[in-house]
Amino acid sequence: MTIEINPLPIEERNNCPEEFSFGATFSDHMFTQDFDEKNGWHDAKISPYHALSLDPSAAVFHYSQEIFEGLKAYRNSEGKINLFRPEENIKRFNRSAKRMVMPEVDESLHLDAIKSLVALDKNWVPDQQGASLYIRPTMIATSPKLGLGASSQYSHFIITGPAGSYFGGGLTPISVFVADKYRRAVKGGVGEAKTGGNYAASLYASEEVSKLGFSQVLWLDAVEGRFIEEVGAMNICFVYEGKTIVTPKLSGSILPGITRDSILKLAPTLGYEVSEAQLDIETILADIDSSKITEVFGCGTAAVVSPVGKLGFKGAEHIINNNETGPVSKHIYDELTGIQYGTREDKFGWIQTV
Ligand code: PLP
């Protein structure tokens with residue numbers, strides 16, 4: 001991997017602003033490498049952040065052959081930078097690549113690229129409470145041809161940019177509408193791959209629910225429209241009687257979240273029972289109404305834990321925990337973010353310090 005440092009003096013660069021919004025400002029450098037059938041992956045390099053030049057016929061523009069990842073770097077209490085389970089994102093990236101008929105990348109080169117990029121742009125890792133540097137690995141199909149088929153050329157790149165605290169101050173419950181008309185992904189499809197088409201497919205329903213005053217969509221399975229899958233770009237957890245955390249079992253159409261997996265491993269050490277099960281929306285709503293379910297929360301890299309205060313389904317509204325953040329959501333949030341920011345012991349060896 002070659003490294004080409006931005007030659008501009010630091011004060012003339014696009015430095016990390018005091019205020020930023022997620023995904024709108026990018027740090028100084030990026031990683032790129034290219035693939036073709038003759039050379040395999042080649043030209044791995046870190047260079048100043050720049051626009052890509054692609055042929056308008058590039059396959060990604062027409063048939064959406066692309067994948068991406070999302071992970072974060074956190075400034076710890078000693079000023080060093082922590083990555084949280086980055087190898088899991090890299091493995092998922094390669095699983096997505098396989099499903100989308102794209103070439104896998106070398107895991108250690110990918111991790112090296114992330115670490116070198118974060119080290120080089122360490123001034124971009126914010127030190128405000130709850131803020132982080134968001135890391136976005138991506139792969140796109142670049143063959144200039146319109147004939148339908150897997151591309152023979154690809155670009156893999158990684159960009160980073162600062163992300164503020166998801167919840168300004170304190171955890172704020174969100175309202176969620178259960179999609180009864182639209183589906184995100186179907187078994188046998190690409191729901192468990194992190195590919196752009198899944199997100200494009202979700203936009204129409206998201207717009208509709210926001211017009212109804214809800215902030216996120218809860219997706220049901222596409223075969224029976226009955227079993228709970230995930231919420232927006234998060235997995236979902238239900239807390240029974242303050243002590244058991246239940247999440248939908250992976251069905252093939254659910255994205256296997258790293259936060260979800262971390263909660264399944266961490267929660268038992270905090271005194272909770274955990275289970276993965278097929279969850280019928282009608283049973284879940286009845287259990288909310290009878291207060292057997294005491295809390296509901298979404299989980300993912302962006303927010304870590306996002307309490308759900310209200311579920312809307314077929315004209316009725318179901319309020320959870322008085323639309324307030326419950327103790328289990330708060331406990332899991334504090335423990336996970338504590339590991340990420342280095343204020344809690346990393347018992348699982350999840351942190352890699354840059
Ligand atoms: N589900 C979807 C559709 C997502 O996009 C994400 C975010 O990446 C998640 C779940 C949560 O995954 P993770 O915890 O790895 O961020």
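A search of the whole structure, which is a predicted model, turns up 10 aromatic pairs. Rings of Phe, Tyr and Trp (its six-membered ring) count as a pair here if their centres lie within 6.5 Å, with planes under 30 degrees apart called stacked, over 60 edge-to-face and the rest tilted. Helices (H or I, at least four residues) and strands (E, at least two) are DSSP runs, numbered from the N terminus. Both Phe84 and Trp350 are buried, meaning under 20% relative accessible area, with exposed set at over 50% and partly exposed in between (1.4 Å probe, protein chains only).

Rings also gather elsewhere: Phe35, Trp41 and Tyr154 are joined by ring pairs into a cluster.

Turning to the helices, the axes of helix 5 (residues 258–266) and helix 7 come within 11 Å and cross at roughly 105°. Axes are lines fitted to C-alpha atoms, for helices over the stretch in contact, and angles run from 0 to 180 degrees between N-to-C directions. Helix 5 and helix 7 are therefore roughly perpendicular, a label that covers 65 to 115 degrees. Helix 5 brings Thr259, Ser262, Ile263 and Leu266 to the contact (heavy atoms within 4.5 Å), and helix 7 brings Ile332, Glu335, Leu336 and Ile339.

Two residues other than glycine have a positive phi: Lys314, near 50°, and Asn322, near 60°. Lys314 is in the loop between strand 16 (304–313) and strand 17 (316–319), and is exposed at 58% relative accessible area. Asn322 lies in the loop between strand 17 and helix 7 and, with 59% relative accessibility, is exposed as well.

A word on the ground rules: residues are numbered from 1 along each chain as its sequence is written, and side-chain values use heavy atoms, leaving out hydrogens and water. Local features need pLDDT of at least 70 and side-chain atom pairs count only at pLDDT 80 or more, whereas totals for chains, interfaces and linings use all residues.

Key
Angles under 35 degrees count as roughly parallel, over 145 as roughly antiparallel, 65 to 115 as roughly perpendicular and the rest as oblique.
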